[in-house]
Amino acid sequence: MTVIQKKPENPIAHLTPEDIELIGKELDTIRQEIRDSLGEDDAKYIRTVIDVQRKLELGSRAVLLFSKFPPAWVLGTAGLSVAKILENMEIGHNILHGQWDWMRDPKIHSTTWEWDMASPAEQWKHSHNELHHTYTNVIGKDNDLGYGIMRVDEDQKWHPMYLAQPLWNFINACFFEYGIAAYDLELGKNLATKKRRNDPKFRAAAKQVLKKIRNQAAKDYVVHPLLSGPSFLPTLAANFTANVVRNLWSHSVIMCGHFPEGVETFEKTSIDGETRGEWYVRQMLGSANISGSKAMHTMTGNLSHQVEHHLFPDIPSNRYAEIAPRVKEIFDRYDLTYHSAPLYKQVASAWHKVIRLSLPNGWLAETTPKNAPAQLAKLYKMTTGGPKVRRALQSKAAA
């Protein structure tokens with residue numbers, strides 16, 4: 001049975017095992033109906049998006065040949081940023097999920113596509129498709145939850161090092177493609193011991209990543225700036241800016257998918273003997289959507305429909321908006337919370353959680369302008385006093 005992390009209230013306590021399996025059957029029916037209806041209009045959609053993205057990138061790079069002129073720099077940088085976001089989110093992410101494999105087009109297939117990211121496609125597919133989508137929001141199993149570097153739940157023991165969590169999350173956001181590559185490599189674990197560092201599989205994977213980074217850097221920071229001649233430095237700055245914009249956007253969208261307040265996390269025991277219906281319910285409770293316009297949905301790769309994406313990761317993204325009302329009706333009928341809010345609210349909620357969990361449990365909620373000095377003194381003692389002091393102060397606060 002799906003096991004929520006230790007929370008005061010269990011959001012699925014009112015569901016019977018029969019309810020959960022019925023939910024699974026209803027969702028299986030929706031999935032099959034969409035799969036059976038895929039056709040030329042869907043194929044035309046992805047081919048059009050790829051065509052638009054390539055023309056936008058080519059046009060933007062052409063404008064950047066004259067990037068020493070400020071208007072050309074702004075226009076080219078903006079266009080290149082949008083092109084990189086489209087390639088990363090609506091095209092690369094979804095093709096690598098196998099959403100378009102049914103077309104049997106070797107040029108638009110999960111086995112042949114390589115994207116404009118530091119992480120090689122094959123490594124990303126393993127860490128994301130096989131691990132994250134299997135162990136969604138399971139603490140200790142899903143490294144996409146907090147990217148393996150953050151405290152993501154109250155039941156995780158607090159340590160003073162987590163005070164820096166907001167800072168390193170921001171740094172990770174700016175250079176997100178490299179953070180993803182490091183996490184695909186399980187860099188922290190594999191660099192920890194000499195045996196792991198010398199493992200042939202790890203060394204081969206690290207070599208692949210370094211080659212990919214070298215090729216990406218050569219394209220953005222050598223070849224295209226050199227083609228700009230006297231505009232070398234402005235073009236170099238434009239490419240760097242576009243990459244940072246893409247990284248910040250994709251990081252924000254992905255954080256909104258699983259990290260806002262109210263989205264559930266799960267114990268490792270949640271996957272012991274998990275049924276198809278229980279897997280579906282875990283995806284429903286562990287994901288959150290972003291409401292907005294059709295353009296916004298496209299720019300997020302339709303990960304603004306994160307709930308639907310996690311229920312049906314291999315369904316083409318252009319169909320999620322069609323599926324969403326039917327999925328929400330199931331949530332409502334079974335009295336489950338369908339988390340959805342505008343982008344700014346979801347980003348704010350996710351960052352609030354990052355900050356809240358960087359501090360000892362309850363510290364942020366207990367702090368007011370009047371007691372701030374006492375609370376800061378308490379935090380200082382917990383930071384410098386060692387494990388016994390931390391336990392004593394937390395036990396006192398809980399009492």
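Tutor: Buried means under 20% relative accessible area, exposed means over 50%, and partly exposed lies in between. Keep those cut-offs in mind, and note that this model is predicted.

Student: Why is E186 called partly exposed?

Tutor: Its relative accessible area is 34%.

Student: Where is E186 found?

Tutor: E186 sits in the loop between helix 6 (176-184) and helix 7 (187-190). Its phi is positive, about 50 degrees, although E186 is not a glycine.

Student: What makes N302 count as buried?

Tutor: The relative accessibility of N302 is 6%. Buried needs a value under 20%, so N302 qualifies. N302 also has a positive phi, near 60 degrees, without being a glycine. Its place is the loop between helix 12 (294-299) and helix 13 (306-311).

Student: Why does D19 count as partly exposed and not as buried?

Tutor: D19 has 21% relative accessibility. D19 lies in helix 1 (residues 17-37).

Student: Which residues is D19 in contact with, leaving aside neighbours within four places in sequence?

Tutor: H14 and Y334. Contact means heavy atoms within 4.5 Å, so each of these two has a heavy atom within that distance of D19. D19 and Y334 are 315 residues apart along the chain, yet their C-alpha atoms are separated by 8.1 Å.

Student: Why is F69 called partly exposed?

Tutor: Its relative accessible area is 47%. Exposed means over 50%, so F69 stays in the middle class. F69 is in the loop between helix 2 (40-63) and helix 3 (70-96).

Student: How is the chain divided?

Tutor: Into domain 1 (4-36 + 118-313 + 326-343) and domain 2 (371-398). Their centres, taken over C-alpha atoms, are 33 Å apart.

Student: How do you know that the two domains touch, and how many residues are in contact?

Tutor: Four residues of domain 1 are in contact with five residues of domain 2. The two domains bury about 390 Å² between them, 72% of it on carbon and sulfur atoms. In domain 1, W158, P160 and L163 lose the most area to domain 2, together 91% of what that side buries.

Student: How many salt bridges does the rule find across this interface?

Tutor: Zero between domain 1 and domain 2.

Terms used. Residues numbered from 1 in each chain as written. Predicted model: local features only at pLDDT ≥ 70, side-chain atom pairs only at ≥ 80, totals over all residues. Heavy atoms only, no water. Helix = DSSP H or I, 4+ residues; strand = E, 2+ residues; numbered from the N terminus. Buried < 20%, exposed > 50% of the residue type's maximum accessible area, 1.4 Å probe, protein only. Domains from an automatic or database assignment. Buried area = accessible area lost by both parts, 1.4 Å probe. Salt bridge = Lys/Arg side-chain N within 4 Å of Asp/Glu carboxyl O.
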